[in-house]
Each structure stands twice: as structure tokens, then as C-alpha cells.
Amino acid sequence: MAALKCVLFLICIISMASAVTPGCKIRITSKGLEYLRQESLKFVEEELENIQIPDMSGREGRFSYSIKEVKITELNITYSNLHFQPDFGIVFEVQNSSISLTFKRQILYWLFQDVGSINASAEGVNIHTALRLSKDKAGRLKISNIICDASISKMRAKFSGTMSKVYNILASFITTGMRFILNQQICPVLNHAGTVLLNSLLDTVPVKTQVDNYVGIDYSLLSNPVVTSENLDMDFMGMFYGLYDENDTLVNYSEEPKIREYKHMVYLSLSEYFFDSAMYSYFKAGVFSTEISREKMSKDLELLLRTTYFGTIMLLDPSVMDGAIGLELKVTSPPKCVIKPSGTTVSVTAVVNVLLLPDNQEPIQLSSMTMESKMNAKVSMKGKKLAVHMDLRRFRIYSNQSALESLALIPLQTPLKTLLQLAVMPVINERTKRGVQIPLPEGMDFKEEVVQNHMGFITIGANLHFSKGLREVIEKNRPASNSTQP
């Protein structure tokens with residue numbers, strides 16, 4: 001009994017250890033799906049218009065006939081619906097619609113031959129297509145399976161030409177064959193559109209992609225989407241990693257992001273880990289260090305620093321005493337992000353070295369102090385780019401040597417804070433405003449974004465906008481080996 005308990009305990013521990021907490025979540029609501037329906041309907045119409053119907057020929061009594069150049073001229077979609085199917089994916093339906101066709105005929109009746117055109121219409125067209133959404137091995141969202149059912153209740157044909165009234169007796173025979181062939185073509189076309197064309201659109205969603213010369217971001221799906229009647233939820237890794245070593249990543253101990261709203265078309269939720277992993281990766285890449293000297297250093301601050309460390313400078317070799325004063329800032333540990341309903345802050349601890357910079361000689365360190373700062377971070381979204389703007393909120397410095405020297409640094413607090421605001425913060429914001437792409441397909445953007453802070457995560461509710469047509473994106477990314485429908 002004791003052994004059984006131990007085994008169960010180990011299984012529980014292993015399962016907890018193997019579970020990965022997402023850093024990013026996305027929810028698509030019924031409102032978002034309704035917006036997608038219009039673009040999807042246009043795409044389906046274009047695909048059905050491209051149905052290839054083979055030529056037909058045969059004999060009925062004394063009549064010999066051939067049907068050629070069958071073309072679909074118009075689709076009249078009376079009713080369409082796009083909705084979620086729980087635990088499966090998305091269902092697209094067309095009901096009580098019609099398809100207009102035209103084709104050339106050639107009919108031989110004994111020694112009489114007649115040619116002309118036939119206008120036909122397929123009525124009572126019903127299509128039910130269910131798309132199963134799942135995660136593939138690369139962590140990408142895919143349409144893994146399609147269940148399709150199509151039916152045509154009746155088909156009418158109207159002959160034209162010199163003997164059209166005579167040939168109307170063939171209408172029932174020809175339309176029966178035409179209806180059968182057309183009905184057999186609908187589902188293969190939609191299967192190809194989903195598994196090949198729409199999957200090529202999903203291939204434009206970034207999974208592991210380079211952000212800049214230092215870091216990349218991992219948007220791998222952690223599990224299959226969770227589909228309910230109201231929404232589709234997806235859990236993404238949401239983790240930055242250093243290009244120097246993709247295996248050196250931050251462990252996620254943060255609160256899991258949550259989405260409880262349904263008001264907007266789409267929601268994005270990001271945990272503290274999403275931002276912490278970015279700062280960890282940049283820290284490991286050695287980005288968080290800078291030097292401020294000469295033209296970057298204000299004359300007033302340089303004079304104040306020279307006065308503060310006058311005694312130390314006087315003990316140096318006279319040949320170096322006239323060297324410029326500079327500052328070296330190095331972040332000593334990865335910055336930490338804290339998200340609360342009241343706002344988002346980033347805490348940074350750094351070492352500030354005061355340097356004497358004699359010409360043509362190595363820098364001489366005059367002093368070293370610790371800097372602790374806290375910055376307000378404002379997250380924003382534009383299109384599909386997530387950006388952050390930082391403002392310096394709190395700042396203090398103290399000596400690593402003694403409490404007495406810390407008191408002597410008090411006059412430097414305000415000038416150094418001003419220097420950071422003028423020389424360092426613009427550089428940081430220039431980098432963060434470039435933003436990082438969120439996992440959305442090409443041609444689809446956010447608009448009317450609303451950012452909300454919660455305890456441990458933020459949510460961004462937005463509506464969707466097509467900056468490019470669905471057809472345009474698909475044609476651009478159409479797989480070369482599948483450029484034509486089978």
C-alpha cells in the first residue's frame with residue numbers, strides 16, 4: 001500500500017513538472033468569427049467558381065449529345081454561417097443556395113445536328129464543412145482534418161437554339177448527370193482549400209522567429225486549442241530566448257495569464273513571464289550596459305563628478321588628472337517586471353562606475369556605486385506589433401564602499417537621474433517602440449485596442465481588421481507543389 005502511494009505521488013510530481021505554463025494566450029470570440037465569416041464566404045465563393053467539370057457525352061434514344069466548356073457563372077449564397085463546434089474546431093455552413101452554370105452543347109438527331117448553349121442552375125445547395133483545429137509537431141495551429149457534406153436538391157436547364165423546344169426532353173437526363181458530377185466536386189474543392197490553402201495562411205503565423213540581432217521569440221502552441229460554443233482559446237509558450245544560446249531560457253514561475261472577457265473580437269493575454277523572459281535574454285546577451293562620456297556627458301554633471309572625486313583624482317599621476325570624466329552603467333541582474341491593476345513597473349539594479357578617461361590610456365576607475373531604479377511601463381498595440389514605453393519613476397544610488405560615501409553621493413542623485421532621463425531612457429524607448437509581432441496571420445491586424453492590467457498579467461481586447469485580403473495572402477504563400485487543385 002505504501003509503495004502504491006509512492007508511485008502515485010511520483011506520477012503527480014512528474015505530471016506537474018512536465019506541465020508548461022503559457023506566457024501568452026489568445027481568445028477568438030464569436031464576434032471575431034462573425035467578422036471572419038464575410039472574408040471566408042468570399043474565399044469559398046471564389047473556390048467554388050473554379051470547380052472543373054469534365055466534358056460529357058452520351059446517347060439517349062435517337063439523340064447523341066456532347067457537353068463541353070462547363071463554367072460556373074454565379075453563386076447565390078442565400079444563407080451562410082461560421083460557428084464554433086465544441087471540442088472540434090470551426091464549422092462553415094451554406095444552406096438553400098444556388099449555382100448558375102453555362103455550357104456548350106452539340107446534339108445529333110439522325111441526320112440533323114444542332115449546337116447551342118445551355119443555361120443551368122443548381123438549386124437547394126447545402127454545404128456543411130467542419131474544420132478540426134489542432135497543434136502540429138512544430139507547435140503551429142493547423143487544420144488537421146475536414147469533414148464535408150454537400151448536396152444539391154435539384155437542377156434545371158434551359159436550352160437555346162433552333163430546336164430548343166425539341167431538346168428540352170433531354171433536360172432531365174442531362175441535368176441528372178450534371179447534378180451528380182457537380183455534387184461530387186464540391187467537397188474535394190473545399191478539402192483542398194482548407195488543408196492546403198488555409199494551412200498556407202496559418203503558416204504565416206510566427207512560431208519561432210528572430211526579433212533582432214540578440215533575441216528571438218517562441219510562440220509555439222502548448223496544446224490543442226480549447227473550443228467552446230462561444231470562443232476558441234489558444235495557449236502559447238510566449239517566451240523570448242537568446243540567439244547566442246537558445247537553451248539558456250528563463251524558467252516560468254509567473255501567474256498564468258487569463259481571459260474572462262467576450263466583448264471584443266479577439267483578446268491577447270500576457271503574463272509577467274513574457275516580459276521577464278525578454279529582459280533575461282537581453283541581459284544574457286550583454287545588451288544592458290552603456291558608457292556616457294565626453295559629448296554625451298553634460299558639462300555641469302562632469303564638473304560635479306570631478307568636484308566629488310577631487311581627492312581621489314589628486315592622488316593620481318598628474319599626467320592623467322585632466323582626463324575627461326565618464327560613467328559606465330552595467331545592469332547586474334535581469335530586470336524584473338511586476339504587473340498590478342494599478343500599472344506595470346520594471347525594477348533594475350545596476351552598477352555605476354565613475355571613470356577618468358585620460359587620452360590614449362586605459363580608463364581609471366574612481367568609484368563604484370549601486371543604482372536602483374524603477375520604471376513605469378506602458379504596453380501598447382498597433383496592428384500586430386506589441387510595444388512598450390518606459391518612464392523613469394524612482395531612482396537612488398548608494399556606495400558599495402561605506403555609508404559615509406553614500407551620504408556624499410546625495411548631491412549626485414538629481415543630476416544622475418536627469419542624465420538617465422535624457423541619455424539612457426530615449427535609447428531604451430527607441431528599441432522597445434519597434435515592438436514584437438504577436439502570433440497573428442499575415443494580413444490580419446488588431447484595431448481599437450483596449451489594454452487592461454490585472455494581478456500578474458495584462459489583457460488586450462481588440463477588434464480585427466484585414467489589411468490584406470484572404471485571397472491575396474494565400475496566393476502569395478501558396479505552396480509551389482500544390483499550386484493547382486488536384
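Helices (H or I, at least four residues) and strands (E, at least two) are DSSP runs, numbered from the N terminus. By that rule, L407 lies in helix α8, residues 403-408. This is a predicted model, in which local features need pLDDT of at least 70 and side-chain atom pairs count only at pLDDT 80 or more, while totals for chains, interfaces and linings use all residues. Residues are numbered from 1 along each chain as its sequence is written, and side-chain values use heavy atoms, with hydrogens and water left out.

**Strand β15 and its partners**

- Two strands pair if DSSP finds at least two bridges between them.
- Strand β14 (residues 289-293) and β15 run antiparallel and are joined by five bridges.
- For A324, the bridge partner in β17 is L357.
- Buried means under 20% relative accessible area, exposed over 50%, and partly exposed in between (1.4 Å probe, protein chains only).
- Strand β15 (residues 324-331) is mostly covered, with seven of its eight residues buried.

**Helix α6**

- Helix α6 spans residues 299-308, and its residues L301, E302 and L305 are buried.
- These residues lie on the same side of α6 because they cover an arc of only 100° around the axis; the arc is that of the directions from the helix axis to the C-beta atoms.
- The exposed residues K299, D300, L303 and T307 sit on the face of α6 turned away from its buried side.
- β15 and α9 (413-432) are included in what covers the buried residues of α6, where contact means heavy atoms within 4.5 Å.

**An open sheet**

- Six strands form an open sheet with antiparallel pairing, in the order β10-β11-β1-β13-β22-β21.
- Its edge strands, β10 (226-227) and β21 (444-453), each pair on one side only.
- Within the sheet, strand β1 (residues 24-29) pairs with strand β11 (residues 231-236) in the antiparallel sense, over six bridges.
- R27 has D233 as its bridge partner in β11.

**A nonpolar surface patch**

- L404, L407 and I410 form a nonpolar patch on the surface, and together have about 350 Å² of accessible area.
- Patches are made of residues with over 30% relative accessible area and no salt bridge; like charges are joined within 9 Å, and nonpolar side chains (Val, Leu, Ile, Met, Phe, Trp, Tyr) within 5 Å.
- A salt bridge is a side-chain nitrogen of Lys or Arg within 4 Å of a carboxyl oxygen of Asp or Glu.
- L407 is exposed, at a relative accessible area of 54%.
- Accessible areas come from the Shrake-Rupley method with a 1.4 Å probe; for residues, only the protein chains shown count as cover.
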